[in-house]
Each structure stands twice: as structure tokens, then as C-alpha cells.
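Visitor: I would like to go through this model with you, beginning with the strands and then turning to the charged side chains.
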Amino acid sequence: MKSQNFIKLSFPSKSVNEAFARSAVSAFCAQLDPTVEQINDIKTAVSEAVTNCIVHGYHNTFGIIYITATITENTLTVKIVDKGIGIEDIQKAMQPLFTTDPNGERAGIGFAVMQTFMDTLKVKSTVGKGTRVVMTKKITPRE
């Protein structure tokens with residue numbers, strides 16, 4: 001099925017760009033006329049994914065974060081990619097409260113939040129090459 005519309009973004013892995021990413025994706029999906037709750041879900045999931053790229057993917061370095069968002073019928077698909085250090089064990093990383101932060105400053109709930117607020121979540125990662133997160137959200141037309 002072909003997408004009806006799409007956007008592609010790339011930006012440096014700086015914390016100040018996290019708000020830009022969530023705002024850009026939520027503004028893009030506004031054409032589907034989502035509810036405020038759906039917009040907030042999407043913003044939260046995008047924030048978590050981008051923050052993971054910044055904090056874990058590029059761990060104390062800078063790189064580029066890539067976002068592609070597509071709309072097909074009434075479904076938003078968001079793909080967020082980094083070319084950072086990758087994840088050794090995705091299943092372990094997706095467990096709530098698991099964190100690689102040795103200082104304990106991170107709660108380890110990013111993937112759990114993404115799963116909660118989006119309809120689907122797929123994560124693919126290669127150590128030394130980066131991580132790709134793909135999330136979907138069906139936007140039910142308002143009556």
C-alpha cells in the first residue's frame with residue numbers, strides 16, 4: 001500500500017532537538033484530525049525514541065537522528081533511526097526498568113512507554129551500526 005503523505009527529517013543528536021522532533025511529527029499527523037489524547041501519545045512516544053538516540057545511541061558523542069513519518073489511510077508510521085552504538089540485547093533492553101546507565105539517572109522505561117502509547121513497536125539494532133525504531137498509531141476518525 002502506498003503512503004498518502006510522508007516527511008523526512010534529520011537533525012543533530014542534541015537534547016534541544018527532542019522538542020522539535022515531537023512537534024514536527026505531531027504537526028504532520030494533524031491532517032488525520034487526531035484527538036488531543038492521540039497527539040499526546042504520539043508526542044510522548046517520539047520523545048522517548050529520540051531521547052534514546054541521544055542518550056544511548058550516541059552516548060556522549062554527537063550524530064544524526066533520522067525520522068521518517070508516513071500516513072497511509074488513517075495510520076501514522078514513524079521510523080526513528082540513529083547510527084550509534086546499537087543495542088546488544090533488544091529483548092533485555094525492552095524490559096521495563098532495564099537501563100545501561102551506570103549512574104542510575106535513567107529509569108529504563110522508554111520502550112515500555114512507546115509500547116503503551118503506540119499501537120505497534122518494532123526495534124531492530126546492530127551493535128556498532130545503530131538502531132531503528134518503527135511505531136504505528138491508527139487514528140480513528142472523529143464522528
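Visitor: How many residues lie between S2 and S3 in their hairpin?
Guide: Two residues lie between S2 and S3. The model is a predicted one, and in it Glu-73 of the turn has a positive phi of about 55 degrees.

Visitor: In which sense do S2 and S3 pair?
Guide: Strand S2 (residues 64-72) pairs with strand S3 (residues 75-82) in the antiparallel sense, over eight bridges. Ile-67, for instance, has Ile-80 in S3 as its bridge partner.

Visitor: And which strand is joined to S3 by eight bridges, running antiparallel?
Guide: That is strand S5, residues 130-138. Within this pairing, Val-78 stands opposite Met-135 in S5.

Visitor: Now the charges. How many salt bridges does a search of the whole structure find?
Guide: The search finds two. One is between the side chains of Lys-137 and Asp-41, at 3.0 Å from N to O. This pair links distant parts of the chain, since Lys-137 is in strand S5 and Asp-41 in helix H2 (residues 36-57), 96 residues apart.

Visitor: Is Lys-137 buried or exposed?
Guide: Lys-137 is buried, with a relative accessible area of 8%. Asp-41 also counts as buried, at 11% relative accessibility.

Visitor: What about the side chains of Glu-18 and Arg-22?
Guide: They meet in a salt bridge of 3.4 Å, N to O. Because the two residues are four apart in helix H1, about one helical turn separates Glu-18 from Arg-22. Glu-18 is buried, with a relative accessible area of 16%, whereas Arg-22 is partly exposed at 32%.

Technical notes
Residues numbered from 1 in each chain as written. Predicted model: local features only at pLDDT ≥ 70, side-chain atom pairs only at ≥ 80, totals over all residues. Heavy atoms only, no water. Pairing = 2+ DSSP bridges. Salt bridge = Lys/Arg side-chain N within 4 Å of Asp/Glu carboxyl O. Buried < 20%, exposed > 50% of the residue type's maximum accessible area, 1.4 Å probe, protein only.
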